[in-house]
Amino acid sequence: PPDVAALGQSSWTLLHSIAATYPTTPTTTEQSDIKSFMKLFSKLYPCWVCAEDFQHYIQKKEVRAGSRDEFGNWLCEAHNEVNKKLGKATFDCSKWEERWRTGWKD
Ligand code: FAD
């Protein structure tokens, strides 16, 4: 079976990197593509308990993808939901772009 932590780290890297390159003003097609992608991702995620919870989350908190900022924040909130479930510290979502797109300034 996959290593759930290693799978998670690389999956969050992929997802937040997709958010970082998502258009600031997406077309209708780009918005529907990201919503379909997230829905399918949540179905195919190869950790079934994770996938089941994530599918429920997407049903409850529908994907927001009207802009890069909106999608980046939606994803950050989704990741925080998993952080809370696992007893990890939550991440300050005002910093998602600094973490995943522009880079930390230090
Ligand atoms: P990760 O949570 O993997 O985070 C990687 C890096 O992302 C962090 O170092 C930090 O810099 C940054 N980061 C942290 N939080 C945020 C945020 N909110 N927004 C932006 N950046 C952030 N594991 C389970 O055991 N059970 C589950 O049910 C489960 N469900 C998951 C569902 C999904 C969709 C995914 C992608 C992963 C899931 N995981 C689950 C894995 C889990 O989320 C972690 O990836 C894993 O526990 C390793 O955690 P980590 O502490 O290394 O950091």
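**From one histidine to the whole chain**

Modeller: His16 is located in helix H1; helices here are DSSP runs of H or I with at least four residues, strands are runs of E with at least two, and both are numbered from the N terminus. This is a predicted model, in which local features need pLDDT of at least 70 and side-chain atom pairs count only at pLDDT 80 or more, while totals for chains, interfaces and linings use all residues. Residues are numbered from 1 along each chain as its sequence is written.

Biologist: Which residues make up the largest nonpolar core?

Modeller: That core has 11 residues in all, among them Leu75, Trp96 and Trp100, the three that His16 touches. A nonpolar core is a set of buried Ala, Val, Leu, Ile, Met, Phe, Trp, Tyr and Cys residues joined through C-beta atoms within 7 Å. Helix H2 (28–44), H4 and H5 each give two or more residues to this core, and the largest share, 4 residues, comes from H4. Trp74, also in the core, touches Val63 and Arg64 when residues up to four places away in sequence are left out.

Biologist: Switching to Asn73: where is it, and what does it contact?

Modeller: Asn73 lies in helix H4. Leaving aside neighbours within four places in sequence, Asn73 is in contact with Cys93 and Trp96. Asn73 counts as partly exposed because it has 17 C-beta neighbours inside 10 Å.

Biologist: Now the ligand. What surrounds it?

Modeller: The shell holds 22 residues, and the closest are Gly8, Cys50, Cys76, His79 and Phe91. A residue is near a molecule if its C-beta atom, placed from the backbone, lies within 6 Å of it. Helix H1 (4–21), helix H3 (48–60), helix H4 (68–85) and helix H5 (96–102) each supply at least two residues. H1 gives the largest share, 7 residues.

Biologist: How does that shell divide by class?

Modeller: It has 12 nonpolar, 7 polar and 3 charged residues. Ala, Val, Leu, Ile, Met, Phe, Trp, Tyr, Cys and Pro count as nonpolar, Asp, Glu, Lys and Arg as charged, and the others, Gly among them, as polar.

Biologist: What about the chain as a whole: how many helices and strands?

Modeller: The protein chain has 5 helices and 0 strands. Its radius of gyration is 14 Å, close to the 13 Å that the globule rule gives for 106 residues, so the chain is as compact as a globular protein of that length. The radius is taken over C-alpha atoms, and the rule is 2.2 Å times the number of residues to the power 0.38.

Biologist: Lastly, what are the confidence scores?

Modeller: The protein chain averages a pLDDT of 95, and 96% of the residues score at least 70; pLDDT is the predictor's confidence in each residue, from 0 to 100. The model scores ipTM 0.99 and pTM 0.96.

Notes
A residue is buried if 20 or more other C-beta atoms lie within 10 Å of its own, exposed if 12 or fewer, and partly exposed in between; C-beta atoms are placed from the backbone. Two residues are in contact if their C-beta atoms, placed from the backbone, lie within 7 Å.
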